[in-house]
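My notes follow in the order I checked things.

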Amino acid sequence: MASIKPTPDLRPARINALGEFAASIAHEVKQPLAAVTLNAQACLHWLEQDPPRVDQARTALRVVLEASTAASAMLRSLHGMACQAAPQRQPLVVNDVVRDVLQLLRGELRQQCITVTESYAPDYQLRADRVQLMQVLMNLILNAIEAARDLHDRARTLALHTSLADDGLRISVADNGVGIAPALAERIFDPLFSTKPGGTGMGLAICRTIVQSHGGRIWSEPGQPHGTVFHLSFKEYTLWTPSRS
Ligand SMILES: Nc1ncnc2c1ncn2[C@@H]1O[C@H](COP(=O)(O)OP(=O)(O)O)[C@@H](O)[C@H]1O
Ligand SMILES: [Mg+2]
């Protein structure tokens, strides 16, 4: 008897994805907001001196201005991403999406002293939902940042790589963090599986749901000599060509 495949209900994944997404937004604006508070306090302190230390106050105010400008730029771009209600597939240049996500997380990466290297294949396109693809990359990079947190004996690195492999268009995210114990490698994509205090354990489960709904695969490998590499691979892609209009 032919089996009837139920249509996958992606709604729960989407709702969880929003939770995870909200967590990444909070994560991103936390630092600029902390800088605003600290420097506003410092500014008041300098102005309350007798005589007021105007130069120091001005420096602190400049930092306030920079941090609040950075936070609003971040919110604007995240808002643009989140306002897109239903998944919308459109041709996306994968290299651009990788660059956009890196841009969003640049401050956090710098703060954590993580050196980023990038290497790109020619501009291939995927038919994909931009928000979802960004979400996948964001979750992977946030995990990489967390994997580097307890690393004090070597420089922290993150490598982003797009390439054409035998199985299709690949995006790889490699860190040199704590790595994944081989016994756990099968379980990391399970919903709610987390080794972190306070971890949601939903990041990779969401990544896998999204990647598979785009006909792709996601897996991890041990990094050499340290850390972890996550690969995404998509069979269907096209080469981007500039329109001749
Ligand atoms: N880059 C990585 N390096 C080491 N371990 C990782 C990495 N990415 C994921 N993991 C492991 O997989 C688990 C599940 O990850 P995830 O689904 O994102 O949930 P969470 O980050 O909330 O724990 C993590 O708790 C961690 O043990
Ligand atoms: Mg995570």
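**Entry 1: the shell by element.** I asked which elements supply at least two residues each to the shell around ligand 1. They are α4 (130-148), α5 (203-213) and β7 (228-234). I noted that α4 gives the most, with 4 residues. This is a predicted model, and I read it as such.

**Entry 2: the shell by residue.** I found 20 residues around ligand 1. The closest are D175, S194, T195, K196 and L204. L204 falls within the range of α5, 203-213. I sorted the shell by type and got 8 nonpolar, 9 polar and 3 charged residues.

**Entry 3: polar contacts.** I looked up which atoms face the oxygen atoms of ligand 1. The side chain of T195 has a polar atom 2.5 Å from one oxygen atom of the ligand. For S194, an N or O atom of the side chain is 2.6 Å from a ligand oxygen atom. T200 uses its backbone instead: a polar atom there is 2.9 Å from an oxygen atom of ligand 1. I then checked the cover. On its own, ligand 1 has 530 Å² of accessible area, and the protein covers 94% of this.

**Entry 4: the pocket.** Where does ligand 1 sit? Its space is the largest pocket. I read the volume of this pocket as about 990 Å³. There are 34 lining residues, and N143, E146, S194, T195 and K196 are the closest to the centre. S194, T195 and K196 are also among the residues closest to the ligand.

**Entry 5: the pocket lining.** I repeated the element check here. α1 (11-47), α4, α5 and β7 each supply at least two lining residues. α4 gives the most again, this time with 7 residues. By type, the lining divides into 15 nonpolar, 13 polar and 6 charged residues.

**Entry 6: cis peptide bonds.** I went on to the backbone. The bond from D50 to P51 is cis, with omega near 0°. P51 is in the loop that runs between α1 and α2 (54-82). I noted another cis bond between Q224 and P225, where omega is about -5°. P225 lies in the loop between β6 (216-222) and β7. β7 is also one of the elements that supply the ligand shell.

**Entry 7: a positive phi.** Which residue other than glycine has a positive phi? I noted C113, with phi near 55°. C113 is placed in the loop between α3 (94-111) and β2 (114-119).

Methods: Residues are numbered from 1 along each chain as its sequence is written. Chains are lettered from A and ligands numbered from 1 in the order in which they are written. This is a predicted model: local features need pLDDT of at least 70, side-chain atom pairs count only at pLDDT 80 or more; totals for chains, interfaces and linings use all residues. Side-chain values use heavy atoms; hydrogens and water are left out. A residue is near a molecule or strand if one of its heavy atoms lies within 4 Å of it. A polar contact is a pair of N or O atoms within 3.5 Å; within protein, one must be able to donate a hydrogen and the other to accept it, and residues adjacent in sequence count only if both atoms are side-chain atoms. Accessible areas come from the Shrake-Rupley method with a 1.4 Å probe; for residues, only the protein chains shown count as cover. On a 1 Å grid over the protein atoms alone, a cavity is a set of points where a 1.4 Å probe fits but cannot get out, and a pocket is an open set with protein on both sides within 12 Å along at least five of seven lines; lining residues have an atom within 4 Å of a point. A molecule sits in a cavity or pocket if more than half of its atoms lie within 2 Å of its grid points. Ala, Val, Leu, Ile, Met, Phe, Trp, Tyr, Cys and Pro count as nonpolar, Asp, Glu, Lys and Arg as charged, and the others, Gly among them, as polar. Grid points are joined across faces, edges and corners, and a volume is the space filled by probe spheres set on the points.
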